[in-house]
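Me: Hey, I'm new to this one. Can you walk me through what I'm looking at?

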Amino acid sequence: MQHRCRAAVPAYTPCMRHRLPEPPRFFHLLHCHQMVSKYPAKEHARRAFAHFLEKLPEESQSAFFISGENYELWPYCDQSKPIRQNRYFYYITGCNIPGSHVFYDGGNDKLTLYLPDVDEEDIMWSGLPVSRDEAAAKYDVDEVKFAHEVSADLKAFSYKIYTTDVNQWNKNFESHLIEKDYAFFHGLDEARLIKDDYEIALMRHAAKITDKCHHGVMSATAIETNETHIHAEFMYHALREGSKYQSYDPICCSGPNCSTLHYVKNDDEIPETKHSILIDAGAEWECYASDVTRCFPINGDWTVEHLNIYRAVLRMQQVTMSMIRPGALWDDIHLRAHEILIEEFLKLGIFKSKYSKQEIYESRISARFFPHGLGHLLGMDTHDVGGRPNYEDPDPYLQYLRLRRKLQKGMVLTDEPGIYFSPFLLEDVLKDEKKAKYIDHNVLDKYWYVGGVRIEDDLVITANGFENLTGITSDPAEISEIVKKGLNKNKKCCKLGAKTVTAAVAVFVAGYLFRAWRR
Ligand SMILES: [Mn+2]
């Protein structure tokens, strides 16, 4: 009966899976030029090659060769491991067929896709593979060939051929390949850094699905008595919308578990003594990611401490978002988030007001409450390529910042400030008088049960600022309303259920008495 209460989420429409995700701005072109309606693989290959030549201009006749992922069996078992397509391969093909390869002849601007050879014995198990003509119609490539033709083609090519790395899928061609070249990765990563309209349309669709999933999770707290139920609710809505894979393992936590950044255990009970929920999860669409975090009170009523922290994080996000535009340095925006955190902690009394904002900032102590970066690039990978992080940075504020560049139009990134009360991260701080002196322990003690709060949205950088792909509300009053609406609906469902059962029993008893009377 409980699933009847899911009606708050708009119904799945069967046509959704087969149409292009959300008409992009160039929608009219889709009908005029067939080429534009395909994933723009050729343009991606060209752009990657142009960036490659920035580093190695003398290699203008060379080529790229990448093998996609293929089926691999688990040891001593006839089942295959789950496949996740090689993102560099997908970027220049748009093809998700296991066992394929791609060759881009940069000098002649020719893109060739190699499909796996047809295994006739497999057809009865797996069905007919995609034909050469079907692939030529579907993918934006110049020619479609088969895997057995790769070797001769590579041998006949008289210039250098670059690949990511020699692995089990391309080792037969090893003698022709140059692996792990810096310029090659530079080319691909710089191209992937800036998303075109087609990619943004895919990401917009992933974000729309994710909105529905988060709304579904917030609306179903009546049946979420374990973290696994939150996970299940998210996956249910994602699958219903045609998203079979998640961009990453969903992080579904309650109470103090919310202080673990990448918590994926997702199996603790949620008794009434726990108030806070944090879910960080994103649906994937056609290999493109979304990555969204929302927090809410399990019964719809924010506790004072939970709401205090929520509002602080929301202000960190609002202030940092107001700074986002092309040319802004992400380091500066991230550091501004720490300043807001310190201001908020001074207001709440967690930091002692006898110390100045500047002194606390210089102590770097806020990094123990907000240990991760403000955000990261998002694309085919959740932590997408091209961010140029420096994990060796001695500054604890910047060590885990995954994006260390100026923002450019067409980048997609997350803005995800957080505040956590992690016993692990604060243990040594609280013992070190030089650092502990800034913290009012009595005030801090009131906050441990909250665990943590993070708010995360996906943003596309535009010419003047950004567009927020994430639509699910982060307003605390609206969130409270969604949770309560879900709870009330469940009560009504239960009441209706009880009434139906009572009526059915009454009819049965009346019938029995009537028959007994007739006898
Ligand atoms: Mn993220």
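This is a predicted model: local features need pLDDT of at least 70, side-chain atom pairs count only at pLDDT 80 or more; totals for chains, interfaces and linings use all residues.

Me: Why does aspartate 109 count as exposed?

Reply: Aspartate 109 has 12 C-beta neighbours inside 10 Å, so it counts as exposed; the label applies at 12 or fewer. Its phi is near 50°, which is a positive value in a residue other than glycine.

Me: What about asparagine 266, what is its phi?

Reply: Asparagine 266 has a positive phi of about 50°, and it is not a glycine.

Me: And is asparagine 266 buried or exposed?

Reply: Asparagine 266 is buried, because 20 other C-beta atoms lie within 10 Å. You'll find asparagine 266 in the loop between strand 7 and strand 8.

Me: Let's stay there. How many bridges join strand 7 to strand 8?

Reply: There are 4 bridges between strand 7 and strand 8 (residues 276-281), and the two run antiparallel.

Me: Which way do the residues of strand 7 point?

Reply: Strand 7 covers residues 251-254. Ile251 and Cys253 point one way, Cys252 and Ser254 point the other way, and all are buried.

Me: Zooming out for a second, how many helices and strands does the protein have?

Reply: The secondary structure comes to 16 helices and 14 strands. The C-alpha atoms fill a box of roughly 90 × 85 × 50 Å along the principal axes. Of the 519 residues, 40% are buried.

Me: What share of the contacts is between residues 24 or more positions apart?

Reply: Such pairs account for 73% of the contacts with a separation of 6 or more.

Me: Now helices. At what angle do helix 2 and helix 7 cross?

Reply: The axes of helix 2 (residues 41-55) and helix 7 (residues 182-193) cross at roughly 135° and come within 7 Å. The two helices are therefore oblique to each other, and helix 2 passes helix 7 in a right-handed crossing.

Me: Which residues meet there?

Reply: From helix 2 you have His44, Arg47, Ala48, Phe49, His51, Phe52 and Lys55. From helix 7 you have Tyr182, Ala183, Phe184, His186, Gly187, Leu188, Glu190 and Ala191. By class, the residues of this contact divide into 8 nonpolar, 4 polar and 3 charged.

Me: And how do helix 10 and helix 11 cross?

Reply: The axes of helix 10 (residues 304-321) and helix 11 (residues 330-348) cross at roughly 150° and come within 9 Å. Helix 10 and helix 11 are therefore roughly antiparallel to each other, since that label takes angles over 145 degrees. The crossing of helix 10 past helix 11 is right-handed. Helix 10 puts in Asn308, Ala312, Arg315, Met316, Val319 and Thr320, while helix 11 puts in Ile333, Arg336, Ala337, Ile340, Leu341, Glu344 and Leu348. That contact has 8 nonpolar, 2 polar and 3 charged residues.

Me: One more pair: what about helix 8 and helix 9, which residues meet?

Reply: Ile209, Lys212, Cys213, Gly216 and Val217 of helix 8 meet Ile230, Glu233, Phe234, His237 and Ala238 of helix 9. This contact has 6 nonpolar, 2 polar and 2 charged residues. The axes of helix 8 (residues 197-219) and helix 9 (residues 227-240) come within 8 Å and cross at roughly 140°.

Me: Switching topic: in what order do the 3 strands of the open sheet come?

Reply: The order is 10-13-14, with antiparallel pairing. Strand 10 (412-415) and strand 14 (466-468) stand at the edges with a single partner strand each, so one side of each has no neighbour in the sheet. The twist averages 35° from one strand to the next. Strand 10 is joined to strand 13 (residues 457-461) by 4 bridges, and valine 412 has valine 460 as its bridge partner in strand 13.

Me: Last one. What does serine 480 touch?

Reply: Leaving out residues up to four places away in sequence, serine 480 touches Pro297, Gly300, Asp301 and Trp302. Serine 480 lies in helix 16 (residues 476-518), and it counts as partly exposed because it has 18 C-beta neighbours inside 10 Å.

Key. Residues are numbered from 1 along each chain as its sequence is written. Two strands pair if DSSP finds at least two bridges between them. Axes are lines fitted to C-alpha atoms, for helices over the stretch in contact, and angles run from 0 to 180 degrees between N-to-C directions. Angles under 35 degrees count as roughly parallel, over 145 as roughly antiparallel, 65 to 115 as roughly perpendicular and the rest as oblique. A crossing is left-handed if the near helix is turned anticlockwise from the far one by less than a right angle, and right-handed if clockwise. Two residues are in contact if their C-beta atoms, placed from the backbone, lie within 7 Å. Ala, Val, Leu, Ile, Met, Phe, Trp, Tyr, Cys and Pro count as nonpolar, Asp, Glu, Lys and Arg as charged, and the others, Gly among them, as polar.
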